[in-house]
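Open the model in your viewer and keep the selection panel handy. We will go from one selection to the next, with a short note on what to look for at each stop.

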There are 2 protein chains.
Amino acid sequence: MTEVPAVEARQTGSQRVVSYFKERILRGHLKVGDRVMPERELAQELNVGRPLLREVMKSLVMLGFLDVRQGSGTYIARADIRVLSDFFTFCLSQEQDILEDVMQARMAIECQAIRLACERANEADLSRIGQWLSALIETLGDPEAGGRADFMFHQSIVAASHSRSLTTLYGAMSELLQRSHVQRRATTYRNPNIVRVLVEAHREVFLSIVAKDADQADRRLREHFAIGDDLRRKSLIETYRSGLERKLN
Amino acid sequence: MTEVPAVEARQTGSQRVVSYFKERILRGHLKVGDRVMPERELAQELNVGRPLLREVMKSLVMLGFLDVRQGSGTYIARADIRVLSDFFTFCLSQEQDILEDVMQARMAIECQAIRLACERANEADLSRIGQWLSALIETLGDPEAGGRADFMFHQSIVAASHSRSLTTLYGAMSELLQRSHVQRRATTYRNPNIVRVLVEAHREVFLSIVAKDADQADRRLREHFAIGDDLRRKSLIETYRSGLERKLN
DNA sequence: TGGGAGCATTGGTAAGACCAATGTAGTCCG
DNA sequence: CGGACTACATTGGTCTTACCAATGCTCCCA
């Protein structure tokens, strides 16, 4: 783990605790659901104080590696993607412009997922995507609900890839992405022409999945993203123009 | 963060500490490089004992949020991608088959990154990619060094995207990916025909970046991945055949 | 003016104490 | 005999106090 000593042969107590868990988890001696030795006993075995042991174990809890139950014991946890989500949220708080760049990661994942969805989607997957397409159409006048339906449409496509890596990464970014969807909706929902174009684009995406055409699905999805990009460009131009006119007044 | 209380109005000490940091970091009151109040003082202000405060802060250190210097103080850290790397490593240890699926995430990121690289790569980027292509060719007989050069070739492409999200995600998977590269090399380096095809595929990838043709670059990269897939399929067939012949003997 | 020493500050760690939650075993009653 | 309740043991949660280790700052001397 990140606190492994770089050079020092003799480990600090803290490092010994980290190593104890890292080794046993990574080598499979401790598996999901396995119970860890009680704190007092483990502290003794590792020759550290209990507070130190608890510090490290608290860290592992928050990293999602351990699951602690008071009165019962400490168990190896199943990996929890909220850790990734927290991490991305933290990154965003450091760089206010990152939401724009996260779109690149979003496109990466969705375009790969849609290719897999063309191979792997079952009837339930297709039905779900179709339902969210309908929901998207029904909520055109409402940026909040529409944004959510839009997000769920996309999320269903990623789920239809049946790839744990892709769904994990997408899930990690879902908070950021939902925010992004609502924002994009808020800039578009009043213009009927744009709304119609967007609905058509989503429909084409869905149809290409049904047709199991991976290249076309990828292309349609990228076209769909490009509509949003054009939108934002026009919106900036208008903002700039009206800003100028206000200055001249 | 993941330990925020679901229902309880009155927070435990532990939760108060988490909230203290979450609020200040996410709202920008504490920025990268800012120094945090000393432990004893902060413990008093939050009405908790120092060991408890230290537990939470240790967690935040391992999540990459804080940087602690003994004798100096605690500072808000710059996000550290090694946290993601640890997390993926942990996930892998839980599911032995995940390395295969990580390839999907790899393809997602690289195919999006190569599109961006076609727009954004500067002379230094292109030069670096070219150098790793040469290194790859020079190390054809050595799976270890060749695997590394192969990985670095790909990593340079992702870096040329100049997208923080993509480079962050790719960095998080880099340990897994390097392992994957070495393994793939170990199954191919003895067959001159396959090696020649692979070298050509890498060269085509590079040339399409230089040509700034995003669609072609994407396509070439996918073709390159497909060669590896064919390889593995053939390898499985042979394994199955020789397994059968051994049974008949 | 620069270097060294001393002291204050801040983090690192431990022992011991006590509280909170859970699990287990034993007993009693229907 | 089975289920419910109680008591106690176990395990985690938290705190106080003490001491050690590392860094930074200030003052004094050459």
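This is a predicted model: local features need pLDDT of at least 70, side-chain atom pairs count only at pLDDT 80 or more; totals for chains, interfaces and linings use all residues.

**Stop 1**

Start by selecting chain A and chain B, and colour them separately. Superposing chain B on chain A takes a rotation of 180° with a shift of 0.1 Å along the axis, and the RMSD is 0.3 Å. The two copies are thus related as by a two-fold rotation axis.

Next, select the residues of each chain that touch the other. Why can we say that the copies meet through the same surface? Because 100% of the interface residues of chain B are also interface residues in chain A. Together the chains bury about 5200 Å² between them, and carbon and sulfur atoms carry 62% of that area.

**Stop 1: inside the interface**

Show side chains along the contact. Between chain B and chain A there are 4 salt bridges, and 19 residue pairs are in polar contact, counting those with both residues at pLDDT 80 or more. For one salt bridge, select A:Arg222 and B:Asp218, whose side chains meet with an N to O distance of 3.8 Å.

Now colour chain B by helix.

**Stop 2: DNA strand D**

Select DNA strand D and show the residues around it. There are 24 of them, and those that come nearest are A:Glu39, A:Arg50, A:Arg54, B:Gly49 and B:Gln70.

- A:Arg40 has a polar side-chain atom 3.0 Å from a base nitrogen of DNA strand D.
- B:Gln70 places a polar side-chain atom 2.8 Å from a base nitrogen of DNA strand D.
- A:Thr74 has a polar side-chain atom 3.4 Å from a phosphate oxygen of DNA strand D.

The elements giving two or more residues to the surface near DNA strand D are α2 (39–45), α3 (50–62), β2 (66–69) and β3 (73–76) of chain A, along with α3 (50–62) of chain B. Of these, α3(B) gives the most, with 3 residues. By class, the surface near DNA strand D has 5 nonpolar, 11 polar and 8 charged residues.

**Stop 3: DNA strand C**

Of the atoms of DNA strand C that come within 4 Å of the protein, sugar and phosphate account for 58%.

- A polar backbone atom of A:Gly49 is 2.7 Å from a phosphate oxygen of DNA strand C.
- A backbone N or O atom of B:Glu39 lies 2.8 Å from a phosphate oxygen of DNA strand C.
- A backbone N or O atom of B:Gly71 lies 3.4 Å from a base oxygen of DNA strand C.

For the surface near DNA strand C, at least two residues each are supplied by α3 of chain A and by α2 (39–45), α3, β2 (66–69) and β3 (73–76) of chain B. The largest share, 3 residues, comes from α3(A). Colour this surface by class to find 5 nonpolar, 10 polar and 8 charged residues.

**Stop 4: a salt bridge within chain B**

B:Arg54 lies in helix α3 of chain B and B:Glu39 in helix α2 of chain B, so the pair ties together parts that are 15 residues apart in sequence. To continue exploring, search for salt bridges over all chains: the whole structure has 26.

Key
Residues are numbered from 1 along each chain as its sequence is written. Chains are lettered from A and ligands numbered from 1 in the order in which they are written. Side-chain values use heavy atoms; hydrogens and water are left out. A residue is near a molecule or strand if one of its heavy atoms lies within 4 Å of it. A polar contact is a pair of N or O atoms within 3.5 Å; within protein, one must be able to donate a hydrogen and the other to accept it, and residues adjacent in sequence count only if both atoms are side-chain atoms. Helices (H or I, at least four residues) and strands (E, at least two) are DSSP runs, numbered from the N terminus. Ala, Val, Leu, Ile, Met, Phe, Trp, Tyr, Cys and Pro count as nonpolar, Asp, Glu, Lys and Arg as charged, and the others, Gly among them, as polar. Copies are superposed by least squares on the C-alpha atoms of residues with pLDDT of at least 70 in both. Contact means heavy atoms within 4.5 Å. Buried area is the accessible area (1.4 Å probe) that two parts lose on being put together, summed over both.
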